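Good morning, and thank you for coming. I would like to take you through the contacts between the chains of one assembly. Please keep the sequence and the structure in view as I speak.

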Amino acid sequence: MSQLQEEREIILGNENVDSFDFDEVREFVKGADENLFISHHFAKKEKMLVQPRGGFPTYEKQFALYEFFVDANVDVLPLTIDSNTRLNDYTTAKKMLRLSEANEVDMLNGYPLVNHGYRNTRKMMTHFNHPVSLRHGTPDARLLIEIAIASGIFEIEGGPITYLLPYSKNFPLDKAFLYWKYVERVCADYSTLNRPINRESFGPLTATLVPPSITIVIQLLEMLLSLEEGVKSFSVSFSQQGSMVQDIVTGTVTRKLADHYAAQIGCEDAIINLVYHQWMGAFPTNRDSADQLINMSTVIASMVGADKIITKTREEAVGIPTKEANAKTVANTQYTLRILSGLPAIVDEQEEEILTAEVHAIMEAVFNDPADTLWRKVFNSIKNGIIDVPFSPHIINHNKMITIRDAQKNIRIIERGNVPIPDRCYAYEKSCCDLNKDTTSIVNDIIRDIGIMQ
Amino acid sequence: MSQLQEEREIILGNENVDSFDFDEVREFVKGADENLFISHHFAKKEKMLVQPRGGFPTYEKQFALYEFFVDANVDVLPLTIDSNTRLNDYTTAKKMLRLSEANEVDMLNGYPLVNHGYRNTRKMMTHFNHPVSLRHGTPDARLLIEIAIASGIFEIEGGPITYLLPYSKNFPLDKAFLYWKYVERVCADYSTLNRPINRESFGPLTATLVPPSITIVIQLLEMLLSLEEGVKSFSVSFSQQGSMVQDIVTGTVTRKLADHYAAQIGCEDAIINLVYHQWMGAFPTNRDSADQLINMSTVIASMVGADKIITKTREEAVGIPTKEANAKTVANTQYTLRILSGLPAIVDEQEEEILTAEVHAIMEAVFNDPADTLWRKVFNSIKNGIIDVPFSPHIINHNKMITIRDAQKNIRIIERGNVPIPDRCYAYEKSCCDLNKDTTSIVNDIIRDIGIMQ
Amino acid sequence: MIAWLQSTLNMKVVTGVIGNDIHVVANRLMDLSLNARGYEVFNLGVNTYLEEFFDAAVETGAEILLISSLNGEAEGWAREVKQLRAKYKSLDQLIMMIGGNLTVGSGNAKDIVPRYKNYGFDLVCHQVDLNTGLDMLEDYIKEYVPPQENPSS
Amino acid sequence: MIAWLQSTLNMKVVTGVIGNDIHVVANRLMDLSLNARGYEVFNLGVNTYLEEFFDAAVETGAEILLISSLNGEAEGWAREVKQLRAKYKSLDQLIMMIGGNLTVGSGNAKDIVPRYKNYGFDLVCHQVDLNTGLDMLEDYIKEYVPPQENPSS
């Protein structure tokens, strides 16, 4: 028995798992309908895939949500996991699930997948026969993704950096890398049986003034960590940044460099797709304004040429959206994608060149770290501030980089900290901004820059 | 007394006009607040101006509509005229106005300006102190525009071609040219007293598969006919065509050629602005879809770089929009314009070159007509099909040009009729389309091409 | 005319939209389709009165009169068809067709078609697809036997 | 640090967001602003417990403790301030400030400020603009007379 298999048996021996039948699960994956695999839909490339957000505690409510989504002509169904499961607290999740079932009041902010188990959940997934994407935010997702794949969920979002730095203050980053290595290996293993399992990184990070160079570097690194373990289908992603041209340039550079770095480690055969998140920052409370923002995001996603778009709802600023609002966004987004035509090819050579140089410089610095494995190089680079994510709450993050928006609302780096932004790029970024201001004005600018969509 | 003044006194001697005081009106225009002049707002160029549509029969309802618009942060107020006034049937308009006032039911589809008179209407205009745009569709607008300017309405939409060919079956086109010559002269005369009165052409025409070359030619000709008479502020316009890149190219070429032809007749001093109409074709009946379409139009208008946008409402497919729906569109459009940033500069050299060559060729053919005045050259060119407007109901229009959409939804000319599209441009247009189809398919394509937004 | 505008027939047809109706799109598509099927088309356009249709049929010697009505107000005009046609002796062999949206509000073809046939139309297409309607016309023409000249009429 | 991050003061301040609160944006802006005003900043980040604040103040020898609370749950923690502070003898001269959104739901500053002063805070800013709050701190420092060491305490 391989070391991985030993570890899997320990993980799946968890008291909350009701006898995991490895052979049966492998048979299921082997024979699963191609429509359950998002990698199959990406391969068809007929249109940008539309994926909403959403998760409810009970099986019945999740089922009802999916019915709404399918009526609205959804392409990819989401399964958002509750926060107890994210913290591996299955006992509390179980209690809250029982209370939710008994009282018709939702006591969890998502679907407690481990507690529902794969036998039940698979019934729902095969019933709808749509690709499902697992959204969780879990640093240790080992058990969760085993149950997910056994249920017929063949896309796993997240990664050791993107699921940790935006959400956690002090979960150990080195542990996260090791837990995600397990995830990659399991995904790679199942990918040999049928269409590949798709892994997706979470590009939005803190969704607060993160410059595109940092976003792209982290996307590329999580992609490499995944391909290294044998994953064959990976989605890089980012969220609307506030400037149309910066989004388009970010998309172009991300695609180019993803192919470049995948080839560098001999993984030309892996399929890399690009995912665009509708605005993830502070939303307008006015629902009509929120609708405008969402539609604008869809238009920009089309100009970026994304392969998938992940949607928001008009109720974003208010709380957990109703299934009606969620389905309405799907229908609206599909309509917009259908009628939007004649997209111009947009190239901004200067911005592309600057951004590409920045990403290469940071990547090179990471690779030059003396550690022996990629994950340790990345770990060290975060620790010493070569990678610095603005507004991350995590203690390991440096927080020395400062960004503001220029007049076109492009995010610009005005203080690079330890991030090895090349001097000429740094000079360019600063030249785009008015820095003859006192700090009070700069801090006010940052506050305004965070709230640009309100 | 000049010949024009003689004619004006006859026109204003109409039994429906309650003693027109020429001197008082001149004094009013001379002293009018700059905010009433859209030409003043264009000159400030702070943002794209937002103008909704709307007209109600009674003073009270029109006033209430304006209150809604101003609350929604409107830039330009519309005054849409009823259809009886458009046909110069002031007697019926008067009767219907009285019935509307007595019964609280609207018996007219717009504001009967002549019957309300300028003394009353001016109170409303100066109260709101916003620029107002007169939208009417009247071939003989001589009396109407006199009353409009006397009321403080300093933008007049329309023209002899654009207000006739889309709306009328058999109103004599030569008469329309002469009636509009009067309008231009009166506008030019008042323009000497304060800021210029702005004239605006109606670019959407039939809003049905009109190719950009025809739209631009007609915009340029109405502009020249207006500048010839001394008008100093003119807006060329077009409506969303269905392909983003075709809209952008149309905007670029329209601006360039407007300046070019204005300079050719020595009118470099005239200010030419560009106006974009949100989609004027068949609207989706689903209100949410309509909202998406409207937002997309606003985004495209920004990419086109329009100076003003004229909005639609989510109730477009249903009937005359409520003031609430109308105000909501204004608020939504203003929000979108405020948050949309980082627009890329888009150039499609090939499309620009082709379109420019087409417009020059048609303009040259018009100028080569042997008639002695520009309006007679234009009249003859329409009559002999050098200018051919698809789907015009007018008997003078040739209807030999046939257009369909290519895969990117660009409108392409597949049958040029008598329009002197240069051979290489014609070959290019046809090469964009799949013409290996039987007629039944082509007719079905046209039906589908008309309904692309539904 | 470009290549796809060809056909086999060669009959004259007068067409147009009846009454206060400005549906120019349907009218242009009708024109295009009739031309493509090889008819010689005399298109009176939108906003045409019944008398104008008959005048044009006489003047052109058309074999077919094809009236479009889209705003649902055709019934007001159609009742006068028999009476008016009777004034034009030369129109005995004219094939008369009407199509479009033939009633205000919702009505069904079962009630509408016989009513219009009773008004004097040979072919009645209520909410029928343009090309289907023109196929019906072609079928009708193939099997059409013109009424014999009857000296007593 | 870039040019605009300069100032005149040179005092040590411990800051952070109290309790189960992940409002990192406010915390980073506070850090930035304090640095810009010339303070030496020890930022404990989000999700910090009261004990950690006092421990850090002792360890760094800070003159100022500036606690942010944004999710409105500060009252639950603030009640323990006096009791806890009493355990740390070296903190007698510590200037204690709290700012942010200091109550769940809507409350007004008139009620809230005295209540928090009673908990032991020298400066209380409820829904006060960040820069205004830091101006208040500077004014307070200028006029601050440290309590005399009192052998009986």
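Helices here are DSSP runs of H or I with at least four residues, strands are runs of E with at least two, and both are numbered from the N terminus. This is a predicted model, in which local features need pLDDT of at least 70 and side-chain atom pairs count only at pLDDT 80 or more, while totals for chains, interfaces and linings use all residues. Residues are numbered from 1 along each chain as its sequence is written, chains are lettered from A and ligands numbered from 1 in the order in which they are written, and side-chain values use heavy atoms, with hydrogens and water left out.

Let me begin with a single residue. Asn131(C) lies in helix H6 of chain C, which covers residues 130-143. Is Asn131(C) buried or exposed? Its relative accessible area is 6%, so Asn131(C) is buried; the term means under 20% relative accessible area, with exposed over 50% and partly exposed in between, for a 1.4 Å probe and protein chains only. Contact means heavy atoms within 4.5 Å. Leaving aside residues up to four places away in sequence, Asn131(C) touches Ser33(C) and Arg37(C), and also Thr440(B), Val443(B) and Asn444(B).

Two of these neighbours are polar partners. A polar contact is a pair of N or O atoms within 3.5 Å; within protein, one must be able to donate a hydrogen and the other to accept it, and residues adjacent in sequence count only if both atoms are side-chain atoms. The side chain of Asn131(C) makes such a contact with that of Arg37(C) at 3.2 Å, and another with that of Asn444(B) at 3.5 Å.

I turn now to the pairs of chains. Which chains share the most contacts? Of the 3 pairs in contact, that place belongs to chains A and B. Chain A does not touch chain C, their nearest C-alpha atoms being 21 Å apart, and chains C and D have no contact either, with 55 Å between their closest C-alpha atoms.

Chains A and B each bring 31 residues to their contact. About 2800 Å² is buried between them, 57% of it from carbon and sulfur atoms; buried area is the accessible area (1.4 Å probe) that two parts lose on being put together, summed over both. Gln292(B), Met296(B) and Tyr335(B) supply 22% of what chain B buries against chain A, more than any other three residues.

The rule finds 2 salt bridges across this interface, a salt bridge being a side-chain nitrogen of Lys or Arg within 4 Å of a carboxyl oxygen of Asp or Glu. Asp288(A) forms a salt bridge with Lys328(B), with 3.5 Å between the closest N and O atoms. On the chain B side, helices H11 (244-264), H12 (287-304) and H13 (323-339) each supply at least two residues, and H12(B) gives the most, with 8 residues.

Finally, chains D and A. Their contact takes 20 residues from chain D and 21 from chain A, and they bury about 1700 Å² between them, 69% of it on carbon and sulfur atoms. The rule finds 0 salt bridges there, and 6 residue pairs are in polar contact, both at pLDDT 80 or more. Helices H1 (24-36) and H6 (130-142) of chain D each give two or more residues to the side that touches chain A; H1(D) gives the most, with 7 residues.
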